[in-house]
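The sequence and structure come first.

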Amino acid sequence: MSSQIEPSANSAAGVCSNDQTISFSALLETLKAQTDPPSLKQLYSWLENTSISSKDLEPYLGFKERTYWRHLVCRNEAVEMLVLCWKPGQRTVIHDHNGSIGAVLVQQGVLWETMFNFHEQKGLRYRAVAEHQPGAVTGADVPDIHQLGNPDVSEKDLVTIHVYAPPLGVLHTYKPGSAEIELYTPDDSV
Ligand SMILES: [Fe+2]
């Protein structure tokens with residue numbers, strides 16, 4: 001079954017088209033209706049064309065002092081959505097998504113993303129860094145290796161919305177200058 005939403009399917013789900021703004025609840029219904037992992041282009045389109053208010057995110061907001069907090073919004077076998085809340089200075093480990101694709105929308109705050117290359121002999125090498133402001137969407141294809149975080153100098157909280165397809169399982173983690181790869185399972189328990 002195609003994972004792309006056709007105009008008729010959009011109408012059935014309360015979504016007008018990929019070029020028009022949809023509501024957060026309409027996006028959730030669309031995600032829940034997916035039976036196959038959508039494309040990265042589709043993930044971008046959903047995040048770029050959905051109107052998301054502070055009230056929409058209220059059930060998924062909460063910060064921890066020691067690490068960023070992952071709040072699950074919805075998940076099935078094809079796709080998942082999470083809201084991540086980051087205090088200044090909080091960041092992920094360096095990781096890839098082990099076969100999943102992902103797109104991230106910055107809702108508030110500033111997101112720093114550092115990208116890496118991996119060579120079997122040379123190990124992990126820095127590639128580039130990017131800064132994403134509210135409204136920006138960034139994505140990770142396979143096998144992108146990256147690290148996300150709220151800059152310690154931002155002086156403000158960061159809220160990001162993540163869609164992964166298929167849902168994340170066990171991830172690979174990396175260390176700069178090292179060829180060692182370890183395993184890591186993200187935790188979205190409270
Ligand atoms: Fe990631």
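## Overall content

What percentage of the 190 residues in the protein do buried residues make up? The figure is 28%, where a residue is buried if 20 or more other C-beta atoms, placed from the backbone, lie within 10 Å of its own, exposed if 12 or fewer, and partly exposed in between. This is a predicted model, in which local features need pLDDT of at least 70 and side-chain atom pairs count only at pLDDT 80 or more, while totals for chains, interfaces and linings use all residues. Residues are numbered from 1 along each chain as its sequence is written.

The protein has four helices and 13 strands; these are DSSP runs (helices H or I, at least four residues; strands E, at least two), numbered from the N terminus. Of the contacts with a separation of 6 or more, 74% join residues 24 or more positions apart, a contact being two C-beta atoms, placed from the backbone, within 7 Å.

## Helix H3

Helix H3 spans residues 40–48, and its buried residues are Gln-42, Leu-43, Trp-46 and Leu-47. They lie on the same side of H3 because they cover an arc of only 130° around the axis, taken from the directions from the helix axis to the C-beta atoms. The cover over these buried residues includes helix H2 (24–32) and strands S2 (50–51), S6 (101–108), S9 (137–140) and S11 (158–165).

## Ala-130

Ala-130 belongs to strand S8 (residues 123–132). Ala-130 counts as exposed because it has 12 C-beta neighbours inside 10 Å.

Beyond its neighbours within four places in sequence, Ala-130 contacts Glu-113 and Thr-138.
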